[in-house]
Amino acid sequence: MQHLMTGFETVFHTPPEAACFAPGRVNLIGEHTDYNGGHVLPCAIHLGIRCAAARRQDRVLRFFSRSYPETGVISVSLDALHTLNCWADYPVGVIRSFEAFGYRLPGGADLYFTSDLPDGAGLSSSAALETATGVMLRYLFSLPLTQQELAVLGQFAENRFIGVNCGIMDQFASAMGKSGHALLLDAHTLSYQYAPLGDAALVIVNSGVRHSLAASAYNDRRRECESARSLMKVPTLCSLTEEDFDSLSGRITDGSCLRRARHTVTENSRTLAAVQALTRGDKQAFGRLMNASHASLRDDFEVSCQELDFLAETAQGLAGVYGSRMTGGGFGGCTVSLMERGAEQAFIPAIQEAYRQRFHVTPAVYSVTACDGAKMLSPEHTDGAFSVT
Ligand code: GLA
């Protein structure tokens, strides 16, 4: 728990009023489909961001993150919100989104964040930071916002104020996850349902690779998808079945755009097939779809890298593993593997050793559980009591 409450007091010299938790997410399948109007199947994970906070009498916002102690306390006036070029742009972006949608904060607040999510590893630490901010401000100022609206405002913050043209998956998973379940989201309509994960184990392996141009490469992929969509004159790529795509794809002359579109259409079908497999308890079939998803991201969408390929392929050959693939936007980050409960014990040292031999570094591994979306914490879930004002 990293001493959330005492940390707040040390930094802000007053006790916090409340604490909340917003999870990161791991996407099981449905990659680069959300901004193409398709389906995704992430789950919220027990790793995430905690926030302790208190209202202030003036119109000042102050932020501190234990992950970025070097930036110290960051102060900004509610009347002059602007880009700060540091991590606090995420919470500030959420507040600017609130204002853009007519939810004005009546006063300032102090917010203190801790995280047990690795940054830049594709487990949605940014979405968790946005959702934690949203849940906390909603509580402190009694704002009439639903969890889904918080997800939409988090995405708006990222698109408008951070400049990353992401889809809705990460914020939605962080806000709407359900313990023991994966979340099937139709990113076009925002309708969703939950699929039980049963007793399978989920293990995330962090390649440690971070691509400095990941955000611009992501935006490039979006542009290629958009170009394919407009050449085929369809409302979204994921409105196409694979048969529709085969009959229309001749209109796409550029080879890269064609492959991006083919990944998107086939990935959407795989995601729908995967949720059916999960619902009928067929984890082997689910795993095969994860493996096929990885191959498509590697060959058609071209967002993998040799480290992720190595991790996915090695995992796919280990005992008890149903399937393994890169997860998240790509260009580095993590793989996710679904396996028989109990198989983790042999899997973890085996994958770490294989990676160490090949790349001379031991990868961080997280055995994760699917958990509920962002929520306020009661005092027993923190390391101290709240001051109730
Ligand atoms: C990032 C984005 C998501 C989604 C994935 C790829 O995580 O934030 O919206 O597009 O990449 O599936």
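Helix packing and the ligand surroundings

Author: Helix 3 and helix 5 are oblique to each other, a class for angles that are not under 35 degrees (roughly parallel), over 145 (roughly antiparallel) or 65 to 115 (roughly perpendicular). The model is a predicted one, in which local features need pLDDT of at least 70 and side-chain atom pairs count only at pLDDT 80 or more, while totals for chains, interfaces and linings use all residues. Residues are numbered from 1 along each chain as its sequence is written, and side-chain values use heavy atoms, with hydrogens and water left out.

The angle between helix 3 (residues 125-140) and helix 5 (residues 169-176) is about 50°, and their axes lie 9 Å apart. Helices here are DSSP runs (H or I, at least four residues) numbered from the N terminus; axes are lines fitted to C-alpha atoms over the stretch in contact, with angles from 0 to 180 degrees between N-to-C directions. Helix 3 contributes A127, A128, E130 and T131 to the contact, and helix 5 contributes D170, Q171, S174 and A175, contact meaning heavy atoms within 4.5 Å. These residues comprise 3 nonpolar, 3 polar and 2 charged.

A polar side-chain atom of D170 is 2.6 Å from a ligand oxygen. For Y218, an N or O atom of the side chain is likewise 2.6 Å from an oxygen atom of the ligand, and for D34 the corresponding distance is 2.5 Å.

Two further pairs share helix 9. Helix 8 (residues 255-279) and helix 9 have axes that come within 9 Å and cross at roughly 170°, so the two are roughly antiparallel. Their contact includes R259, H263 and E267 of helix 8 as well as F286, L289 and D299 of helix 9. By class, it holds 9 nonpolar, 4 polar and 4 charged residues.

Helix 9 (residues 283-299) packs against helix 10 (residues 306-316) at about 160°, with the axes 11 Å apart; this pair is therefore also roughly antiparallel. N291, H294 and R298 of helix 9 meet L308, D309, A312, E313 and Q316 of helix 10. Here the contact has 2 nonpolar, 3 polar and 3 charged residues.

Terms used
Ala, Val, Leu, Ile, Met, Phe, Trp, Tyr, Cys and Pro count as nonpolar, Asp, Glu, Lys and Arg as charged, and the others, Gly among them, as polar. A polar contact is a pair of N or O atoms within 3.5 Å; within protein, one must be able to donate a hydrogen and the other to accept it, and residues adjacent in sequence count only if both atoms are side-chain atoms.
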